[in-house]
Amino acid sequence: MVHLGKTTRQVIGVMRRWVRPHLAGFLMLHQPRLWALAVGLGLAGGLLGIAFRLAIGLAQSVWLGTASENVVTALAGFPWWWPAVGPLGGGIVVGVILYFWRPPGRSGGVADVIELRAREQETFSTKDAIIATAISAITLGSGGSAGREGPVVYAAAAVSRIFARTFNLSAAARRIVLACGVAAVISSSFNAPIAGVLFAHEVILGHFAMSAFVPLVIGSVIAAVISRAWFGEAPAFIIGDYQITSYFEIPAFALLGITCAVVAILFQTALIGGDWLSKRTSLPIWIRPAIGGLLVGVIALGFPHVLGVGYEATTIALAGSMDLWLMVALIFGKTVATAITLSSRAGGGVVSPTLYLGAMTGGAFGIIATSVFPQYASSVGLYAVIGMGAVAAAVLGAPISTAVMIFELTGGFAFSLALLLAVALSTGLCQAVMGRSFFHWQLYTRGLVLDEGPHKHAARFIRVRDFMIPPTEDEDRDFDTTRDTPFLRPRDTLEAALKAFDTTSRSRLPVVDAKTGQLVGHAHHVDALARFNKALVAYSREEHS
């Protein structure tokens, strides 16, 4: 017995020495606190998703008398000119809000949340987030052509920031909390918890890390439970039991992926072009939503299917119950209507429109494929489902989460081979032409380039003031900037500083205040490199922990 007790103590000692460093690392990453916060974020995300959908329904009931997503069906009971009333009226209301409460700018979306993750020092106004979310709810409820996911992701970011400030989290923990809020609202909005987790990893964080995985799962699952308790268990789109008819269809699925890439490129080009034109117009910011609403209303007179989020039209296409030429027309109509809505500074996102365009593209392709090779082709609805995933993945730059989202939205897994092939080809070709996803294009226009790697990001966002050393008390603060002596400014980037060190071959450069012309410090080459290495190590640790 004595020997057994000694052996037990030895085993316990070995286990303690083995577990202690891992437990210390677990605590150092604030995992217990993050897990607890994830519960609150899941509750908040679930409620946000419900509240935003109810707000859209409330705005819609003002002009349609119903909160149902079946907008086209509801319009059948109104005069022929009624489809133009909603977008115009909503644009006027949004214009009033912009005039009184919001400075010139855009309503928030996914790109803004990615920017918030990247620029830790940037301010983020909760008031602006509330106003932007209200603008998006009014836009979508009145028939504006956009998606509901981007605005609610932006609202979740505001809630996540409140959590982060309240509990004084580290920079890495703040980013996880931000992603957790996004995962929760995506899960709630789409009733797709797995896709919510993957979307937050793939799009918001830009990497997959175990330290973030558990909090994201907790938040996403809780939000999904709340959403399902309110809206029911059914996925967003109900489809038939689609199966791949023959492996001879593989070339057709590959061609569908290429076709979807073309549609995705055209859609991104339209959005970028619309934004470019909007920035160069002299019209007051408050009048643009009304003009945009009027133009969308004119399109809706002929094609009411473009109005709102468009889930009814998407569902019809997925069922294979829409005519070929109508789907082709809606591809162009929805593209133009969405570009007008977003460039007019009304609110909304792009996720739902990409699903819509994909369903129309796949459905139209399917009608042609089944007529040419009826003995080998699967149903039109299957092609619509695959097209939905392929266009969305290419535009969003999120092939993994989008593919999983399609499985969860439709409840079908039998066509995974065809979906993955089309998603891969569409995403790859779109990246080859556009160079980056739509979200990263938005950030690129703001001077934020994230797809070049963490080293570029660190070099452009670390400032000289972050590593400079103040001058000594007896050192002369006067500095003649007209001399040939090279110098730096406190706001200069690390990239500019490293170039200056390399050009001048100096190990130390003076730092001069831009306004006063006074010497405020010195920057050492070795300190600049040390700050650069520290940032890269921190990023690598966060990505792999």
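**View 1. Arg-53 and Glu-69 pair in a salt bridge.** In this predicted model, their side chains come to 3.9 Å, N to O. Arg-53 sits in helix α2 (residues 31-64), and Glu-69 in the loop between α2 and α3 (71-75). The pair therefore ties together parts that are 16 residues apart in sequence. Arg-53 is partly exposed, at 22% relative accessible area. Glu-69 is also partly exposed, at 35%.

**View 2. Glu-69 also meets Arg-148.** This salt bridge spans 2.5 Å, N to O.

**View 3. Arg-148 forms a salt bridge with Glu-149.** The closest N and O atoms are 3.8 Å apart. Glu-149 is buried, with a relative accessible area of 0%. Shared partners join Arg-53, Glu-69, Arg-148 and Glu-149 into one salt-bridge network. The model's salt-bridge count comes to 5.

**View 4. A nonpolar patch lies on the surface.** Its members are Trp-80, Trp-81, Val-85, Leu-294, Val-298 and Leu-301. Together they have about 590 Å² of accessible area. Helix α12 (residues 288-302) gives the most to the patch, with 3 residues.

**View 5. Val-298 is placed in helix α12.** Val-298 is partly exposed, with a relative accessible area of 48%. Patch residues need over 30%, so Val-298 clears that cut-off at 48%.

Definitions and conventions. Residues numbered from 1 in each chain as written. Predicted model: local features only at pLDDT ≥ 70, side-chain atom pairs only at ≥ 80, totals over all residues. Heavy atoms only, no water. Patch = residues over 30% accessible without salt bridge, like charges linked within 9 Å, V, L, I, M, F, W, Y side chains within 5 Å. Areas by Shrake-Rupley, 256 points an atom, 1.4 Å probe, with all protein chains shown as cover. Salt bridge = Lys/Arg side-chain N within 4 Å of Asp/Glu carboxyl O. Helix = DSSP H or I, 4+ residues; strand = E, 2+ residues; numbered from the N terminus. Buried < 20%, exposed > 50% of the residue type's maximum accessible area, 1.4 Å probe, protein only.
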